[in-house]
Amino acid sequence: MKTKVVLFHVIYLMSMTSFAQRLIDRSGEVTFFSEAPVENIEAVNKQALCAMDLSNGNIAASMLMKSFRFKKALMEEHFNENYVESGKFPKSTFKGSIENFDATEFQEKGAFTKTAKGEITIHGITQPLETEVSFRVDADLISAETKFMLLIADFDIKIPLAVVNNIAEEIKINVSFQFSRP
Amino acid sequence: MKVKIILTLALLGGVVIVGTIYYQFNKPRENVGKARTDFRISVKELVTSFLANESQANEKFLGKILEVDGKVIQLIEEEGSRGILLESSTGTVYCACEQIPEIKIGTMVLVKGKCSGYLMDVVLNDCELIKQNLNED
């Protein structure tokens, strides 16, 4: 009986420590901008999920394409049905790690920039991605922000000739996550 | 006389076409609350089908209007992101909504929303609370 109790506490503590190393945000914000001659299009997804492992700097993020909100319902419909085909490819993901990761940097208050390197998958196509991430460590929060550009053509997304002036070839992506500190 | 009729018809036709285009371009978001429900399902069944075979569940539920009943375990209100978390023994369903209704944690509710897929939980968007204080089975 006693060993059982001890064992339980050991397992409990172990799970606590491994859990504490992993930061999770389920309501991250991903925004994209398309700047084209005819119109600018902006959409935001406030349900992006990101897990960051503070023991090794590994990052995994994913989001559902159907959670992007546009100003106009018709744009959202076209985005989902014609461009990213979210019925076939519901998720976009990023898997990678922080270059030159140093766990001690994440233990004290401060702001610093790191390079994250990995692979991004959109519309079923995987491409390498390298981006600068600005981190801010506060008393009870760690925030991470990054921006990068993606070429629509890299992800096999076809834009019909009729709207070629409405949609940019290169899309600006802003990403922001906030993690509660363990 | 004939010319007048043709002109009037052409004008009317033009107005209808322009009106339709204008309406299409500015049409409001689909009102999930008023939309026809495709599936009525429990949190447990919904989560189980996503865990068992995600691509099959996506095919069945993505973009569909679901009515889901389950137990409220958390009300999430973070910057820009609001929702109700429903739980079962197999997993959770996140119901994102504009306003968090006045409900108590631990009660059984019925929520209607549009299925967006599966991340950490099954995600329903544009949710509305249909019933609360359902009797526990």
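Val133(A) stands opposite Thr146(A) in β8(A). The model is predicted: local features need pLDDT of at least 70, side-chain atom pairs count only at pLDDT 80 or more, and totals for chains, interfaces and linings use all residues. Residues are numbered from 1 along each chain as its sequence is written, while chains are lettered from A and ligands numbered from 1 in the order in which they are written.

**Strand pairing in chain A**
- 5 bridges join β7(A) to strand β8 (residues 141-151) of chain A, and the two run antiparallel; strands pair if DSSP finds at least two bridges between them.
- β7(A) and β8(A) form a hairpin with 3 residues between them.
- β7(A) (residues 125-137) also pairs with β6(A) (residues 110-122), in the antiparallel sense over 13 bridges.
- In that pairing, Ile122(A) stands opposite Ile125(A).
- The hairpin of β6(A) and β7(A) has 2 residues between the strands, and His123(A) takes a positive phi near 55 degrees there.

**Make-up of chain B**
- Chain B has 3 helices and 6 strands; helices (H or I, at least four residues) and strands (E, at least two) are DSSP runs, numbered from the N terminus.
- The order from the N terminus is α-β-α-α-β-β-β-β-β.
- An automatic or database domain assignment gives domain 1 (1-30) and domain 2 (32-136) of chain B.

**Dimensions and burial of chain B**
- The C-alpha atoms of chain B fill a box of roughly 75 × 35 × 30 Å along the principal axes.
- Buried residues (20 or more other C-beta atoms within 10 Å of their own, with C-beta atoms placed from the backbone) make up 28% of the 137 residues in chain B.

Notes: A residue is buried if 20 or more other C-beta atoms lie within 10 Å of its own, exposed if 12 or fewer, and partly exposed in between; C-beta atoms are placed from the backbone.
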